[in-house]
Amino acid sequence: MQKVLVTGGAGYIGSHACKALKAAGFEPVTFDNLRTGWREAVKFGTLEEGDLLDRARLDEVFAKHKPVAVMHFAALSQVGESVQEPGLYWRNNTGGSQNLIEAMIAADCKRIVFSSTCATYGDQDNVVLDEETPQFPINAYGKSKRAIEEMLEDFGVSDGIEAVIFRYFNVAGADPEAEVGEFHRPETHLIPLILDAIDGKRAALTVFGEDYDTPDGTCIRDYVHVMDLVDAHVLGLRRLLSGDGGRIFNLGTGKGFSVREVMDVAERVTGTPVPHDVGARRAGDCTKLVSGSERAVTELGWRPERSTLEQMVEDAWRWHKTGHYDS
Ligand code: UDP
């Protein structure tokens, strides 16, 4: 069976990717430092503990498993934190990715599916964000990811690295079988925080600003179901393995929902109003991020099937009630 090295495979998206890889006939090997990931989330394939900043450990794992490709999820991903502590983001995300790419080249494993982000576009009101839109990231998280995209391009020229780059919009939902799900400590993402507020795990949700230039004053995001997202990764991997080369794809649905609209859907799905208050804007937040691209659909044959807001909240709610990790 062909092995795929999954950095960050113990995290939210990486653990779902391992499930999708296994279902598609690949053998996922998780590489994770377990700082924000969970040992119990590695349910599909093996775990190799290690840090991307440890080049010797990376070399060891490449030599042991001889993967045909890499899926690179491991990263710090909190916009607010990246504004407070940019050094963490430059070192771990950008420096860690450089180590990974150089280890790949040394091991002659030159195909990579990379998790990038719509945060690389920055705050561009009323612009349709497609893959050709110029990037003006406004926080260290987005800047670190844009730098990795550029690094992949440079190593493509020098060493033949081939990268399928996915720029995610807002990933939500969980495995409908609730074997894996979203579980961050601390949690910062909107939908799990809403669900925590609904079942009393936290006092109330704070809406970060109601004075944005949007119809209800709250920020607008494009939410995509994690299962649909990882399906796209398998398609991207197959594209690389079949020799079609690297490419950049946005992964979103093209529909935006405000924070208020997400709260309304959560109320409908759970039958409980969301306890909340309204606070100040969060540093680094963009007003509106909505994907305008059909490229993944037309070129990869991607068919997002679960990415309605109702389905995402329903799947997240099922996981929220039944699943969690302790270690
Ligand atoms: N948000 C909020 N309260 C929270 C967490 C998030 O109002 O406690 C808002 C946030 O300002 C953004 C949206 O919800 O507009 C999605 O935020 P999240 O952190 O889930 O994802 P991001 O867009 O930062 O990747």
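In the predicted model, the domain assignment divides the chain into domain 1, which covers residues 3-172 + 223-251, and domain 2, which covers residues 190-221 + 254-322. The C-alpha centres of domain 1 and domain 2 are separated by 23 Å. The contact between the two domains involves 34 residues from domain 1 and 32 residues from domain 2.

An open sheet of seven strands is present, and its strands follow the order β3-β2-β1-β4-β5-β6-β11 with parallel pairing. Strand β3 (46-49) and strand β11 form the edges, each pairing on one side only. From one strand to the next, the twist averages 20°. As a general point, the strands of a sheet pair through backbone hydrogen bonds, and the pairing may be parallel or antiparallel. At one end of the order given above, strand β2 (residues 27-32) runs parallel to β3 and is joined to β3 by four bridges. Within this pair of strands, V29 has T46 of β3 as its bridge partner. Helix α2 (residues 55-65) packs on the sheet, where the helix touches β1, β2, β3 and β4. The direction of α2 makes about 155° with that of β3.

The nonpolar side chains were examined next. In soluble globular proteins, nonpolar side chains tend to be buried together. The largest nonpolar core of the model contains 39 residues, of which I13 and F166 touch the most other members. Two or more residues are contributed to this core by each of β1 (3-7), α1 (12-23), β4 (69-72), β6 (162-168), α7 (226-241), β11 (247-251) and α9 (295-300). Helix α7 supplies the largest share, with seven residues. Both domains take part in this core, since at least three residues are drawn from each of domain 1 and domain 2. Beyond its neighbours within four places in sequence, F166 is in contact with V113, F114, S115, S116, T117, A232, H233, G236, F249, L251 and L300. A second, separate core comprises 24 residues, including L195, V207, M263 and M312.

One of the contacts of F166 is S115, a residue of strand β5 (residues 111-117). With a relative accessibility of 4%, S115 falls under the 20% limit and is therefore classed as buried. A polar atom of the S115 side chain lies 3.1 Å from the backbone oxygen of H72. When residues up to four places away in sequence are set aside, S115 touches H72, F73, K145, F166 and Y168.

Several loop residues show particular backbone geometry. The peptide bond that joins R185 and P186 is cis, with omega about 0°, and P186 is located in the loop between β7 (170-172) and α6 (190-198). K66 is not a glycine, yet this residue has a positive phi of about 45°. K66 is placed in the loop between α2 and β4, and because its relative accessibility is 63%, over the 50% limit, K66 counts as exposed. A positive phi, of about 60°, is also found at D108, which is likewise not a glycine. D108 lies in the loop between α4 (86-107) and β5 and is exposed, with a relative accessible area of 60%.

Conventions. Residues are numbered from 1 along each chain as its sequence is written. This is a predicted model: local features need pLDDT of at least 70, side-chain atom pairs count only at pLDDT 80 or more; totals for chains, interfaces and linings use all residues. Side-chain values use heavy atoms; hydrogens and water are left out. A nonpolar core is a set of buried Ala, Val, Leu, Ile, Met, Phe, Trp, Tyr and Cys residues joined through side-chain atoms within 4.5 Å. Buried means under 20% relative accessible area, exposed over 50%, partly exposed in between (1.4 Å probe, protein chains only). Domain bounds come from an automatic or database domain assignment. Contact means heavy atoms within 4.5 Å. Two strands pair if DSSP finds at least two bridges between them. Axes are lines fitted to C-alpha atoms, for helices over the stretch in contact, and angles run from 0 to 180 degrees between N-to-C directions. A polar contact is a pair of N or O atoms within 3.5 Å; within protein, one must be able to donate a hydrogen and the other to accept it, and residues adjacent in sequence count only if both atoms are side-chain atoms.
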